[in-house]
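Here is a short report on one protein chain. Keep the structure open beside the text and find each residue as it comes up.

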Amino acid sequence: MFPQTPGPIGLFDSGYGGLTIFDKIHQLMPGYDYVYLGDNARSPYGTRSFEVVYQFTRQAVSRLFESGCQLVILACNTASAKALRTIQQKDLPTWDPDRRVLGVIRPTVELVDTISRTKHIGIVGTSGTITSNSYTIEIGRMYPHIQVTGEACPMWVPLVENNEFNSPGADYFVKKHIDHLLSVDPQIDTLILGCTHYPLLMDKIRAFLPSGITLFSQGEHVAESLRDYLGRHPEMDQKLTKGGSCHFLTTESVDKFSEAASIFLNASISVSQINLS
């Protein structure tokens, strides 16, 4: 059904935020080939149902497999929360049991126990990620002694994608959610940025966080986890081409994606437009 020859690492996000994950992975492992797919025409995924997110993510993963990817990273918290497990359990066995689809939630969760002193963790994310309780469930499985409090921040993604994340208007929405989260649990000492857009808001978030609270961004930890995974699975590493190339695909306007990507990557890139169905 899909090409069996070695191919690039695929990364998928509903929009642009996954570029922050790609950037950290590429910095750590620049020798690999990469294909990044953003379903920008149908974003945001954060407020969509589990079924819709699953169907959209399934289409994207299938397209990346068709493009030769043997390994796909869901560089999107919503897709990781609402679609990853179903794709792993339902689709991969029939598509190709030797291919792999990985998410961004588990690599983040694995480290929280070593970081938090109070064992009270805060998560900020999209409505979809927070209402799915994926972080709470995953942390509860690994570290049942940790208290998790989530805060949905529906305005943060639009602030980033409209290049308003450094504006004074962003202060209100960032402070509002930080204050509410800490009022629910004042013992929080670690804050996980549970959305790939949020690293661009880090300066704003730090400004409203009390001292002593650790701000946990996903990108570098997902990158380290992927490198470790490939070290433990040489059979997968052998299926990945290493030519140092990067290709970007979008379901939206090429010009719009290029403009937004320059915000996330601080670099100009070459983009192709595709359709998913």
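## Strands side by side

Start with a pair of residues in two strands. L249 has S272 as its bridge partner in β10. This is a predicted model. Strand β9 covers residues 246-250 and strand β10 covers residues 271-273. The two strands pair in the parallel sense, over three bridges.

Now look for the link to β2. L37 has a bridge partner in β9, and that partner is L249. β2 and β9 also pair in the parallel sense, here over five bridges.

## The chain as a whole

How does its radius of gyration agree with that of a compact globule? For 277 residues, such a globule would have a radius near 19 Å. The chain has 18 Å, which agrees. Its C-alpha atoms fill a box of roughly 50 × 40 × 35 Å along the principal axes.

Buried residues make up 54% of the 277 residues. The chain exposes about 11800 Å², and carbon and sulfur atoms supply 50% of that area. Contacts also reach along the sequence. Take those between residues at least 6 apart: 78% of them join residues at least 24 apart.

## Helix α1 and its cover

Helix α1 runs over residues 18-28. Its buried residues are G18, L19, T20, I21, F22 and I25. What covers them? The cover includes β1, β2, α12, β9 and α14. An α-helix has 3.6 residues a turn, so residues three or four places apart point the same way.

L28 also belongs to α1. Is L28 buried or partly exposed? Its relative accessibility is 27%, so L28 counts as partly exposed. Leaving out residues up to four places away in sequence, L28 touches A223, E224 and R227. L28 and E51 are 23 residues apart in sequence, and their C-alpha atoms are 34 Å apart in space.

## Aromatic rings

The structure holds 13 aromatic pairs. One of them joins F2 and F65. The ring centres are 5.4 Å apart and the planes meet at 65°, so the pair is edge-to-face. This pair links distant parts of the chain. F2 is in the segment before β1, F65 is in helix α2, and 63 residues separate them. F2 has 6% relative accessibility and counts as buried. F65 is buried as well, with a relative accessible area of 0%.

Y36 and F257 form another pair. Their centres are 6.2 Å apart and their planes are at 45°, so this pair is tilted. Y36 lies in strand β2 and F257 in helix α14, 221 residues apart. Both Y36 and F257 are buried. Ring pairs also build a cluster: Y16, F22, Y34, Y36, F248, F257 and F264 are linked in this way.

## Charges over rings

Two arginines sit over rings. The charged end of R42 is over the ring of F56, 3.6 Å from its centre. R99 lies over the face of F65, at 5.1 Å from the ring centre.

## Backbone details

Which peptide bond is cis? The bond from S43 to P44 is, with omega near 5°. P44 is found in the loop between β2 and α2.

Two asparagines have a positive phi. N133 has a phi of about 60°, although it is not a glycine. This residue sits in the loop between α7 and α8. At 39% relative accessibility, N133 counts as partly exposed. N163 has a phi near 55°. Its place is in the loop between α9 and α10. N163 is partly exposed too, at 47% relative accessibility.

Methods
Residues numbered from 1 in each chain as written. Predicted model: local features only at pLDDT ≥ 70, side-chain atom pairs only at ≥ 80, totals over all residues. Heavy atoms only, no water. Phe/Tyr/Trp six-rings, centres within 6.5 Å; stacked < 30°, edge-to-face > 60°. Helix = DSSP H or I, 4+ residues; strand = E, 2+ residues; numbered from the N terminus. Buried < 20%, exposed > 50% of the residue type's maximum accessible area, 1.4 Å probe, protein only. Lys NZ or Arg CZ within 6 Å of the ring centre and 35° of its normal. Rg over C-alpha atoms; globule rule 2.2 N^0.38 Å. Contact = heavy atoms within 4.5 Å. Areas by Shrake-Rupley, 256 points an atom, 1.4 Å probe, with all protein chains shown as cover. Pairing = 2+ DSSP bridges.
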